[in-house]
Amino acid sequence: MADLTKKSLTEIVSLIKKKEIKSEEVTNLFIKNIKNDKKLNSFITNCNEHAVKKAKKFDKNPKLDTLLPGIPIAVKDLFCTEGVKTTAGSKMLDNFIPNYESTITKNLWNEGAFLLGKLNCDEYAMGSSNETSFFGNVMNPVAENTVPGGSSGGSASALAADLTPTTIGTDTGGSIRQPASFTGTVGLKPTYGLCSRWGIVAFASSLDQAGPMTKTVEDCALMLEAMAGFDEKDSTSIKKKKENYSKNLTYNIKGLKIGIPKEYRVDGMPKEIDKLWENGKKILKESGAEIIDISLPNTKYALPTYYIVAPAEASSNLARYDGVKYGFRSNKGTNLIEMYENTRSEGFGDEVKRRILIGTHVLSSGYYDAYYIKAQKVRQLIKNDFDESFKKVDAILTPSTPSAAFKIGEKKNDPISMYLNDIFTVPVNLAGIPAISIPAGTDNNNYPLGLQFIGKTLDEQKLLNIAFAVEKKINFKQNLNRWWEK
Amino acid sequence: MSIDKDKIKHVSKLARISVDEKKIEHLTKDLSSIFKFIEQLNELNTDKVEPLSSILNEPLRSRKDEINDGKIRDKILENSPKKNEEFFVVPKVIE
Amino acid sequence: MVGKVMTREKGKYLIEGEKGKWEVVIGLEVHAQVSSNSKLFSGSSTKFGAEPNTQVSLVDSAFPGMLPVINEFCVQQAIKTGLGLNAKINSYSVFDRKNYFYADLPQGYQISQYKNPIVGEGKITLDLPNGTKTIGIERLHLEQDAGKSIHDLDPSNTYVDLNRSGVALMEIVSKPDLSSPDEVNAYIKKLRSIMKYLGTCDGNMQEGSLRADVNVSVRKEGNKELGTRCEIKNVNSIKFMQMAIIYEAQRQVELLEAGKSIDQETRLFDTKKNETRSMRSKEDAHDYRYFPDPDLLPLNLNKELIENIKKNLPELPDQKKERFINDYSLTAYEANVLVSEKEISDYFEEVVKTSDIKLAKNWIIGDLFALLNEKNISISQSPVTAKKMSQLIDSISSGVISGRTAKEVFEIMKESGEDPNKIIERKGLQQKSDPKELEKIIEKILTENNDKVEQYKSGKDKLFGFFVGQVMKISGGKANPQLVNQILKNKLKK
């Protein structure tokens with residue numbers, strides 16, 4: 001089974017359940033691929049030995065009535081993993097080894113999976129190209145010197161390059177969906193509160209949400225089922241009973257109403273994206289769904305709002321990195337204040353510092369009302385827009401990103417153009433609702449492009465069903481030349 | 001509301017991040033353009049809008065008053081860059 | 001600093017400046033530790049005196065990805081305290097982050113309540129020598145305590161202990177209604193008493209369960225406008241609060257009279273030098289950047305919860321005082337003293353359950369309080385328990401011993417805690433109450449002092465005392481004085 005690593009998670013699970021393959025074989029095949037990660041740079045930490053040990057242990061006494069039996073999974077290095085270095089892509093946590101396990105990863109391990117490694121990401125998840133990581137750029141398997149998107153860039157890259165059968169990321173403004181779109185993979189940002197935030201290095205607490213990144217929609221349903229669930233340790237976790245997303249997955253979307261928001265048609269958007277969007281509508285109609293034009297009038301204010309709310313929360317969330325309890329401490333300075341200033345100046349990278357300063361400013365005395373309160377008001381308006389729309393439609397179809405993957409360094413020195421990458425993904429985080437990106441075509445460079453479906457609160461099943469139906473008809477195939485192995 | 005060097009110095013003091021004099025010019029430029037972008041919001045009249053107070057429509061959950069944590073000093077101190085057997089150790093605080 | 005003369009005119013506290021008299025305006029922000037087993041947002045213990053960093057969880061030490069979950073009991077304690085302060089309980093309140101850096105603040109922010117506190121306006125009535133005074137309460141909110149920085153264990157380093165980090169505090173803010181150090185004393189004591197009655201704070205100032213920031217300003221006598229205030233941070237005893245106020249008010253008067261202005265600032269009280277000094281160096285960096293904590297949701301309280309707590313409130317000092325005046329015919333002063341601490345009122349009520357009220361109040365307010373003062377102990381530590389006090393009083397009312405003998409017995413009880421009945425018996429202190437025996441003694445005295453009897457009968461009434469004295473002398477002080485009076489009167493009439 002030479003190309004087992006190219007198979008979907010669902011297929012691998014089924015092979016293990018049928019005892020046609022052992023967990024150790026699966027694990028070793030992925031480890032073999034990981035050995036060629038050097039150019040991609042998608043891993044920060046390899047857990048090869050740990051994974052093989054876990055696989056052997058599984059094979060000795062296979063427990064098959066779980067969702068992820070014997071499956072090795074590499075995760076974004078933002079999830080705290082007990083006994084395994086957790087860096088958040090930052091020098092600040094370069095030496096941090098948590099003695100606790102995040103709820104989400106624990107949920108995966110409880111379903112039979114085990115840790116394969118920790119994946120590169122933008123520093124503290126702040127970035128859209130994985131260029132802000134202290135551990136270096138990640139490249140997109142699609143083409144050399146191309147970014148994989150961010151902040152879950154390492155996750156997207158490792159998944160697309162078959163270095164892990166599935167992965168998990170976090171999405172604060174598009175950090176799952178945009179890299180999924182750039183690498184031709186599937187990414188879901190669940191409803192805020194569906195997946196516990198406990199044990200995930202926080203970026204912006206009211207926006208952060210963990211979610212699955214997979215090769216297929218079916219895999220995505222399976223992973224969400226494993227991840228989601230109420231956590232009493234997270235005050236923002238929603239108390240509801242577990243759902244069987246994978247079992248209930250269906251192609252039947254007949255009669256569903258899909259909204260097309262006119263505000264998502266932006267200037268300078270490549271023609272291919274427009275074509276892709278039109279194709280999406282066509283497929284939905286063929287599947288028996290009804291297309292309805294809608295308006296989300298405050299869409300253009302989502303990014304400015306996001307760049308107030310997210311940095312404000314981040315400036316406070318990142319105050320704990322002060323060199324006292326864990327992580328990096330500068331040895332410059334003779335008193336406490338100097339120690340703080342040097343530690344934080346040397347430990348954080350430029351983009352993180354930039355956002356902390358923005359956040360500090362928008363919360364500071366005399367500016368709070370003009371920026372922070374104003375943003376929370378506009379956030380309410382953006383949420384109202386979605387609430388209104390969902391009175392008329394079941395889901396909304398948009399492109400995932402305004403462009404395909406770009407070259408490394410292309411936008412590094414222009415923060416605004418970098419930020420604009422998240423223009424279609426950010427509104428969803430502001431409203432706390434779920435959205436999924438699936439690969440749907442390519443641009444003229446043959447780089448993948450994604451379509452995004454947005455749903456209402458806790459309507460993940462419907463979103464998955466729509467994505468499932470569309471995925472089948474699009475039948476997107478990615479042929480990578482595996483340049484990084486050469 | 002423009003961003004100048006003094007503002008950046010003030011804010012970095014609040015955020016406890018020392019900023020390199022050499023980088024401050026560039027940072028001022030970046031932040032100015034970001035704030036110009038952010039200030040698009042001023043086009044919107046929001047006088048009658050209540051700020052969003054929570055993205056979830058849930059009540060705040062609470063826990064019982066039970067002692068079920070603590071007594072893990074070694075774990076707490078384990079990752080500290082400077083500690084002794086009992087305490088975190090930091091450079092002298094100068095008031 | 002040259003001390004200005006303070007005067008008290010009709011209960012008013014004034015500072016005599018060079019150029020007139022000044023009033024002092026004081027407001028207090030009291031930080032009271034909520035009595036609870038575990039912390040406000042984590043399950044670590046709040047017990048005082050543990051080994052450093054042993055009552056710390058990953059949440060309290062702000063590890064990456066840790067999240068707060070609120071302790072429902074602390075919320076109830078805050079509501080209870082609010083109701084005890086006759087205050088409005090807000091059905092909607094919000095937890096905010098107060099951002100600043102300090103070694104003992106692991107999150108880099110304190111979770112507190114800023115714009116929407118759990119409790120709104122209320123009031124406290126103070127009993128002062130010239131009558132009562134009502135002090136307004138501005139608000140009460142819940143917040144986390146910080147850890148402790150220890151500066152004196154190492155010459156070049158500071159040590160950090162996070163045991164207190166995250167312990168629940170109630171910040172109770174008064175209106176600027178206090179106008180003298182004495183009123184501050186009365187206010188703190190009353191507030192502490194209310195919280196102890198409610199069981200919401202143990203009020204232990206030595207252990208830091210009760211601290212206060214003191215806001216002080218001065219203004220010309222009769223002036224209605226408030227002056228610029230200074231805030232004296234974190235004072236942990238009533239005595240220091242009073243000293244700090246006296247110093248600070250004088251400092252402000254001197255500045256103003258010299259034509260200078262007061263800077264609104266945070267000051268520190270140096271207990272060794274007895275002076276306040278500016279903390280302005282810190283002030284510059286303080287812009288707390290409050291904003292709602294996105295890790296928590298707004299706190300919505302339902303009416304039933306509040307009503308339920310209200311229904312189950314214990315009797316509070318003011319109600320108890322009222323009841324004591326009505327049920328036990330106490331004066332307002334007596335009632336005040338007896339309800340000032342819950343333990344004292346409990347003691348009193350236990351004694352009067354079986355014993356004479358008048359004797360009980362006099363013995364408790366007089367002899368017992370003197371004993372507590374002398375030994376510097378609280379009533380719960382008294383060697384003379386309520387039960388023993390009852391026995392002592394009962395032996396007076398039943399005539400077994402005289403009031404005077406009782407004082408002797410009390411002196412012994414004070415030291416040994418011995419049972420009064422045993423002392424009386426061991427020492428043979430019982431009164432002679434047998435009329436026949438007393439009659440014999442009296443007759444003997446009257447016969448021996450025939451001349452004095454004649455003088456008495458011819459109008460020298462004062463001699464009655466002489467006869468009583470003689471009886472007591474002969475009986476060794478054990479004769480029942482009432483009986484002696486009665487028999488003597490009869491005999492001398494003939």
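In this predicted model, 40 residues of chain B are in contact with 52 residues of chain A, where two residues are in contact if their C-beta atoms, placed from the backbone, lie within 7 Å. On the chain B side, α1, α2, α3 (73-78) and β2 (88-91) each supply at least two residues. Helices (H or I, at least four residues) and strands (E, at least two) are DSSP runs, numbered from the N terminus. Of the side of chain B that touches chain A, α2(B) gives the most, with six residues. Sorted by class, that side of chain B has 24 nonpolar, seven polar and nine charged residues; here Ala, Val, Leu, Ile, Met, Phe, Trp, Tyr, Cys and Pro count as nonpolar, Asp, Glu, Lys and Arg as charged, and the others, Gly among them, as polar.

Residues are numbered from 1 along each chain as its sequence is written, while chains are lettered from A and ligands numbered from 1 in the order in which they are written. Since the model is predicted, local features need pLDDT of at least 70 and side-chain atom pairs count only at pLDDT 80 or more, while totals for chains, interfaces and linings use all residues.

Now look at helix α1 of chain B, residues 5-14, where B:Ile8, B:Val11, B:Ser12 and B:Leu14 are buried. A residue is buried if 20 or more other C-beta atoms lie within 10 Å of its own, exposed if 12 or fewer, and partly exposed in between, with C-beta atoms placed from the backbone. Viewed down the axis of α1(B), the buried residues fall within an arc of 150 degrees, so they line one face of the helix; the arc is that of the directions from the helix axis to the C-beta atoms. Just after α1(B) comes B:Arg16, with a positive phi of about 55 degrees.

Chain A also meets chain C: 32 residues of chain A are in contact with 26 residues of chain C. On the chain A side, α9 (302-317), α10 (336-347) and α11 are the elements that give two or more residues. The largest share of this side, three residues, comes from α9(A). By class, the side of chain A that touches chain C has 14 nonpolar, ten polar and eight charged residues.

Next, see how helices meet inside a chain. In chain A, the axes of α8 (residues 271-286) and α15 (residues 460-474) come within 10 Å and cross at roughly 110 degrees. Axes are lines fitted to C-alpha atoms, for helices over the stretch in contact, and angles run from 0 to 180 degrees between N-to-C directions. The angle makes α8(A) roughly perpendicular to α15(A): angles under 35 degrees count as roughly parallel, over 145 as roughly antiparallel, 65 to 115 as roughly perpendicular and the rest as oblique. A:Gly280, A:Ile283, A:Leu284 and A:Glu286 of α8(A) make the contact with A:Val470, A:Lys473 and A:Ile474 of α15(A).

In chain C, the axes of α13 (residues 435-448) and α16 (residues 481-493) come within 10 Å and cross at roughly 50 degrees, and α13(C) and α16(C) are therefore oblique to each other. Their contact involves C:Pro435, C:Leu438, C:Glu439, C:Ile442 and C:Leu446 of α13(C), and C:Leu483, C:Val484, C:Ile487, C:Leu488 and C:Lys491 of α16(C). This contact has eight nonpolar, no polar and two charged residues.

Still in chain C, find C:Ile309 in helix α5 (residues 303-311). C:Ile309 is partly exposed, with 18 other C-beta atoms within 10 Å. Although C:Ile309 and C:Lys80 are 229 residues apart in sequence, their C-alpha atoms are 6.5 Å apart in space. Leaving aside neighbours within four places in sequence, C:Ile309 is in contact with C:Gln76, C:Ile79, C:Lys80 and C:Leu83.

Finally, consider the backbone in two loops of chain A. A:Lys19 has a positive phi of about 60 degrees although it is not a glycine, and A:Lys19 lies in the loop between α1 (9-17) and α2 (23-34). A:Gly150 and A:Ser151 are joined by a cis peptide bond, with omega about 5 degrees; A:Ser151 lies in the loop between β3 (114-119) and α5 (153-160).
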